[in-house]
Amino acid sequence: MAIATVYHIPVCPFSQRLEILLALKGRRAEVDFQVVDITRSRADWLLQKSRGTTALPILEIAGGRILKESLVILQYLEDVFPQPAVAQRDPWRRAVEGMLTRMEGPFTTQGYTFVMNQDPARREALRADMLQHYARLNDFLLEHAGAGPFLFEQFGWAETVFTPLFMRFWFLDYYEAFELPGEERYARVRAWREACLAHPGAQQVSKEQIVKLYYDYAKGAGNGALLPGRARSSFVFEPHWRERPWPPRDKYRHSATDRELGL
Ligand code: GAZ
């Protein structure tokens, strides 16, 4: 029996966090994940649960009580299922992973701003800013982490928070040809990112899925919005992403039609 229901957008990085945490605890089956189609207007019954806000995921527990915000939900699940611990229990270590967790918001904003940019003249500056974020993470890991690859001994809280973003940023490889340079100043964060991406508890989405579903983000339209000349969003459930071709990479000079995207 499920102890709670999560309402989520399947490919949303914030809900993948919850799936990863539950996978690490072997509790995935105890939370029921209900998929919400972001390309349709939000159902009234769901808006009533969230009291009008549209951001997902939200978690509903017994008695219809609702929690919002993925990090809050993550902590709730950590507290409900304390074993095995994913968050650190030692106060200093918990604070260290808290500092790293706080770096995720600006990192996320940077990556999404970069992928959504439509102005070729801004591209270089956005790339430099993205690298700056990686350099900061690298420096943090050099200060606080051991030889690695993770912040502490195992894939834990900070990894649960960041891995879904490392996966979404596959869209930067594809649409911006963005790569972490093989320089020493990124070596530690590169090793961290690679270990995060490879972890068996974090395989809920694939690069192919991200690249195909996020085409519209790469063209500047977020959250299921429709682009000019298009009848369908790249986030639709049908046709399944596996059946669609890989989208054109050139986001600056070409706008793919529904047909070209296999929609
Ligand atoms: N802080 C919340 C959490 O739970 O951690 C964020 C949740 C959230 O943003 N959910 C999005 C949503 O439900 C889907 S994932 N949107 C539908 C709605 O109606 O609000 C998009 C961005 C961005 C960063 C992330 C995302 C994203 O810019 O992945 O820009 C469009 C949305 C920084």
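Modeller: A residue counts as near a molecule if one of its heavy atoms lies within 4 Å of it. The model discussed here is predicted.

Colleague: Which residues around the ligand are the closest, and how many surround it?

Modeller: The ligand is surrounded by 16 residues, and Thr54, Leu56, Glu69, Ser70 and Tyr112 are the closest.

Colleague: How much of the ligand's accessible area does the protein cover?

Modeller: On its own the ligand has 750 Å² of accessible area, and the protein covers 76% of that.

Colleague: Why is the ligand said to lie between domain 1 and domain 2?

Modeller: Residues of the shell come from both domain 1 (4-80) and domain 2 (91-202), so the ligand lies between them.

Colleague: Which helices give two or more residues to that shell?

Modeller: Helix H1 (13-25) and helix H5 (104-116) do. H5 gives the most, with three residues.

Colleague: What is the make-up of the shell in nonpolar, polar and charged residues?

Modeller: Nine are nonpolar, five polar and two charged. Tyr counts as nonpolar, so Tyr112, one of the closest residues, falls in the nonpolar group by definition, although its side chain has an N or O atom 2.8 Å from a ligand oxygen.

Technical notes:
Residues numbered from 1 in each chain as written. Predicted model: local features only at pLDDT ≥ 70, side-chain atom pairs only at ≥ 80, totals over all residues. Heavy atoms only, no water. Polar contact = N/O pair within 3.5 Å; in protein donor to acceptor, adjacent residues only side chain to side chain. Areas by Shrake-Rupley, 256 points an atom, 1.4 Å probe, with all protein chains shown as cover. Helix = DSSP H or I, 4+ residues; strand = E, 2+ residues; numbered from the N terminus. Domains from an automatic or database assignment.
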